[in-house]
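Let's take a friendly walk through a protein model together.

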Amino acid sequence: MTDAVMQQLEMMKLLEPAVQEKLVLLRPVAECWQPDDFLPDFSGEDWIERLTEFRDQAQGTPDELLVVLIGNTITEEALPSYQTWLNRVQGVTDETGTDMAPWAQWSRGWTAEENRHGDILNQFLYLSGRVDMRCVQATIQHLIRSGFNPEVGTDPYQSLMYVSFQERATKISHANVAGQARRGGQENLAKMCGVVAGDEARHEEAYKYFAREIFVRDPEGALIAFEALMRTKVTMPAKQMDDGECDDIFGQFTRVAQSTTVYTVSDYTSIIEHLLKQWSVPDWTGLGPEGAEAQEYLCKLAPQMRRIAERVETRMVKQPKRPFAWIYGRSA
Ligand SMILES: [Fe+2]
Ligand SMILES: [Fe+2]
């Protein structure tokens with residue numbers, strides 16, 4: 001074990017009381033929403049009416065929004081890959097599968113909350129009757145089979161920063177789908193995506209807090225880790241998705257996310273700006289040369305990205321619509 005790894009493991013041990021304290025951000029199961037709370041009740045005599053109402057309302061969701069929702073669902077459904085990854089991270093590893101150590105409790109509790117996200121969105125898609133579910137299901141199978149590599153190795157510093165980024169990104173994306181659905185009169189979808197976004201917000205709060213605790217205790221190491229993460233770019237969890245039809249389905253999904261403004265290049269940049277502020281990146285002093293260099297790089301990053309974002313966005317929205325196998329070849 002190298003000195004750096006030893007130091008990171010010690011840090012994760014030091015953070016245990018903070019993790020224990022933040023376990024309250026994961027709600028007790030009895031207080032949690034479940035997908036069933038938002039689905040038509042099939043147990044009553046009037047189940048056909050309930051189902052018809054639900055299905056009728058889902059006809060109003062524009063195809064573009066539906067494509068983004070499908071991409072988001074597939075991303076959530078690849079949860080086994082995320083739990084596997086989290087369990088590889090130094091200091092988080094749940095050795096027995098039922099460890100009572102704070103990190104192990106956190107990772108299982110987080111996974112258990114996340115598991116509802118894929119379920120609820122998947123059930124909406126199924127009941128809408130507008131989606132080729134077989135194709136979506138095959139895309140999920142492909143994605144889990146292909147895997148997920150956030151390119152942070154087993155480094156806990158970079159991992160906690162990565163997941164802070166992703167929780168905020170998913171919060172923004174689900175909240176924007178909810179907002180557009182609400183404005184379009186699709187209250188069911190709005191509520192479903194709204195509760196998912198609410199979970200992501202709690203997760204974001206916790207991970208940002210854990211990462212900040214690392215900054216407080218080891219600003220040098222934290223800045224170097226954040227720089228490394230930013231240099232490799234933040235790999236999107238569903239990058240490996242494959243619908244069996246399109247050779248760049250992930251690119252097409254991100255294009256529609258951009259054109260609908262559900263999740264944009266500007267959002268990506270604003271998340272970085274937010275994290276820089278959250279972790280007081282410009283303010284740390286008493287750094288060694290490596291830390292100071294990382295700090296300088298990070299401080300220049302956001303304005304640089306802002307300049308590029310506009311150009312990339314204009315190029316993306318100019319691209320023509322394409323047929324999506326997920327929605328029976330309709331274009332989006
Ligand atoms: Fe999620
Ligand atoms: Fe999440």
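Glu-200 counts as buried, at 1% relative accessibility; here buried means under 20% relative accessible area, exposed over 50%, and partly exposed in between, with a 1.4 Å probe and protein chains only. This is a predicted model, in which local features need pLDDT of at least 70 and side-chain atom pairs count only at pLDDT 80 or more, while totals for chains, interfaces and linings use all residues. Residues are numbered from 1 along each chain as its sequence is written, chains are lettered from A and ligands numbered from 1 in the order in which they are written, and side-chain values use heavy atoms, leaving out hydrogens and water.

Helices are DSSP runs of H or I with at least four residues, and strands are runs of E with at least two, numbered from the N terminus. Glu-76 is also buried, at 8% relative accessibility.

Now look at the iron ion (ligand 2). Its protein donors are Glu-114, Glu-167 and Glu-200, at 1.8 to 2.1 Å. Glu-167 lies in helix 8 (residues 156-183) and Glu-200 in helix 9, so this pair ties together parts 33 residues apart in sequence. Both Glu-167 and Glu-200 are buried. The two iron ions are 3.5 Å apart, and Glu-114 coordinates both.

For a contrast, find Glu-310 in helix 13 (residues 289-318). With 60% relative accessibility, Glu-310 counts as exposed.

Next comes helix 7 (residues 133-146). Its 14 residues reach 20 Å from first C-alpha to last, close to the 20 Å expected at 1.5 Å a residue; that expected span is 1.5 Å times one less than the number of residues. Its buried residues are Met-133, Cys-135, Val-136, Thr-139, Ile-140 and Leu-143. The face turned away from the buried side carries the exposed residues Arg-134, Gln-141 and Arg-145.

How many disulfides are there? The count comes to zero, taking a disulfide as a pair of cysteine sulfur atoms within 2.5 Å. For Cys-135, the nearest cysteine sulfur is that of Cys-246, 10 Å away. Cys-135 is buried, with a relative accessible area of 11%.

Finally, turn to the nonpolar core. In soluble globular proteins, nonpolar side chains tend to be buried together. Phe-165, Phe-226 and Trp-326 touch the most other members of the largest nonpolar core, which has 100 residues. Such a core is a set of buried Ala, Val, Leu, Ile, Met, Phe, Trp, Tyr and Cys residues joined through side-chain atoms within 4.5 Å. Leaving aside residues up to four places away in sequence, Phe-226 touches several residues, among them Met-161, Leu-275 and Trp-279; contact means heavy atoms within 4.5 Å.

Notes
Donors = N, O, S within 2.8 Å, 3.2 Å for Na, K, Ca; no water.
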